[in-house]
Amino acid sequence: MSAKTLYDKLWDSHLVKQRDDGSALIYIDRHILHEVTSPQAFEGLRLAGRQPWRIDANIATPDHNVPTTKAERAGGLEAIADEVSRIQVKTLDENCDSFGILEFKMNDLRQGIVHVVGPEQGATLPGMTVVCGDSHTSTHGAFGALAHGIGTSEVEHVLATQCLVAKKMKNMLVKVEGELGFGVTAKDIVLAVIGKIGTAGGNGHAIEFAGSAIRDLSVEGRMTICNMAIEAGARVGLVACDEKTIAYVKDRPYAPKGADWDNAVAAWADLVSDADAVFDSVVELDAAEIKPQVSWGTSPEMVLAVDQRVPDPTAEADVVKRDSIVRALKYMGLNANQPITDIHLDRVFIGSCTNSRIEDLRAAAAVAKGRKVSASVKQALVVPGSGLVKAQAEKEGLDAIFTAAGFEWREPGCSMCLAMNPDKLQSGEHCASTSNRNFEGRQGNGGRTHLVSPAMAAAAAIAGHFVDVREMLNQEASA
Ligand SMILES: CC(C)[C@H](C(=O)O)[C@@H](O)C(=O)O
Ligand code: SF4
């Protein structure tokens, strides 16, 4: 038998039927739902008089439309001021109740962003196929699972049949070897990868992230990396299953127990690419060369190290690239050659499915501790990814660190990651954000997003402009 990549193995073990035209039917182990992409799918089921094929495979939670202030949350669903949001969240509740689907409702301690909640509950497991009507489902690939986003009609198809029509992708290996320097994180790795290969670099591929720097990351760091595979053009991001993955999953509510656990762990040992597996393309990065990253433009590939300057379009020979630089500079209100550290921030957002887990909050709090948010920053938000992350952070006193420094401590949800709830940028405002997309208008009409790590976002909040967090923490910069 020929050598296989991890992606090949996951694909083969879920293949129900391969057709000659290249399309295939794959079995889906876990389906996660949120309020934005599920209403029409449930409606379709209803119209067709169908029931979900395997009710227990589904798990739901509202995240995009939920408000994040205590006051709005305390009033329950009726207090959601925005009508569309209120209807979306209510509809998810009604659909889950009527079809018998497990849902962590808005004020349940287990509620949160789908991509934080799935792994946290052990609903995402190594070796599974995981889908959700959300592009950042790639996050779950950090567990050695085949995970990707699907559209609303596919949500209906998965609900009805537990299968998905899919096409096998190509294999790409992104290998990051060596040790990360002090203050450099998983977020910086993935931004550097996207800076190198571009937002189309992974098109049509499943990207496996490997190498010693990836192995050295925590499982949460690996989730941050896989989360942004989609921003590199790949619907799927993957990391091999190892001892850390298994330790993370153990004893979580929906993880197998007893003899089932032992059998599962034995089976998971094979969730690695064979040593001689062949990838269609390979990209290599040296971890030691990666510095804290800041996106300056309107696409995640428009990213630089914090000590660099915003590009000068006149230095770009390629006319298409030159035009996109000109356009991005204009939208972002930046000048050619401006040092990244001269970019001033109006708001700071620490949260989103990329960076709202406990380790992210710890990293931000380590910077915020004993410091104050700059008077020039109008708002600095910290939004935990789930109620359980929030509770853990409070147990560790992180909330007190943040509020003493002048950050707002919020209830879990997607929040300022995208403008689907009250947390938004005003036109022209610059935001240091730990999220994953910096498209025009992403955080509010005319808003200007800069993607960074949690530590870099906290440092920017303190300084009022971008700074190298390594200098703020007064440590020897490792680069
Ligand atoms: C609303 C949802 C469909 C969307 C996605 O698919 O990713 C959102 O989560 C995003 O991050 O843009
Ligand atoms: S946090 Fe942002 S990227 Fe993640 S699911 Fe919500 S809106 Fe999408």
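R73 sits in helix α3, residues 70-74 (helices are DSSP runs of H or I with at least four residues, numbered from the N terminus). This is a predicted model, where local features need pLDDT of at least 70, side-chain atom pairs count only at pLDDT 80 or more, and totals for chains, interfaces and linings use all residues. Residues are numbered from 1 along each chain as its sequence is written, and side-chain values use heavy atoms, leaving out hydrogens and water.

So what does R73 do with its charge? R73 is buried but has no salt bridge, and E411, the nearest side chain of opposite charge, is 4.8 Å away. Buried here means under 20% relative accessible area and exposed over 50%, with partly exposed in between (1.4 Å probe, protein chains only); a salt bridge needs a side-chain nitrogen of Lys or Arg within 4 Å of a carboxyl oxygen of Asp or Glu. The R73 side chain does reach the backbone oxygen of P67 at 2.6 Å, and one of its polar atoms lies 3.0 Å from the backbone oxygen of P412.

Now over to helix α11, residues 258-268, whose buried residues are W261, A264 and W268. They span an arc of only 65° around the axis, which puts them on the same side of α11 (the arc is taken from the directions from the helix axis to the C-beta atoms). The face turned away from that side carries the exposed A259, D262, N263 and A266. The buried residues pack against α10 (243-249), with contact meaning heavy atoms within 4.5 Å.

Technical notes:
Chains lettered and ligands numbered in written order. Helix = DSSP H or I, 4+ residues; strand = E, 2+ residues; numbered from the N terminus. Lys, Arg positive; Asp, Glu negative; His and termini not counted. Polar contact = N/O pair within 3.5 Å; in protein donor to acceptor, adjacent residues only side chain to side chain.
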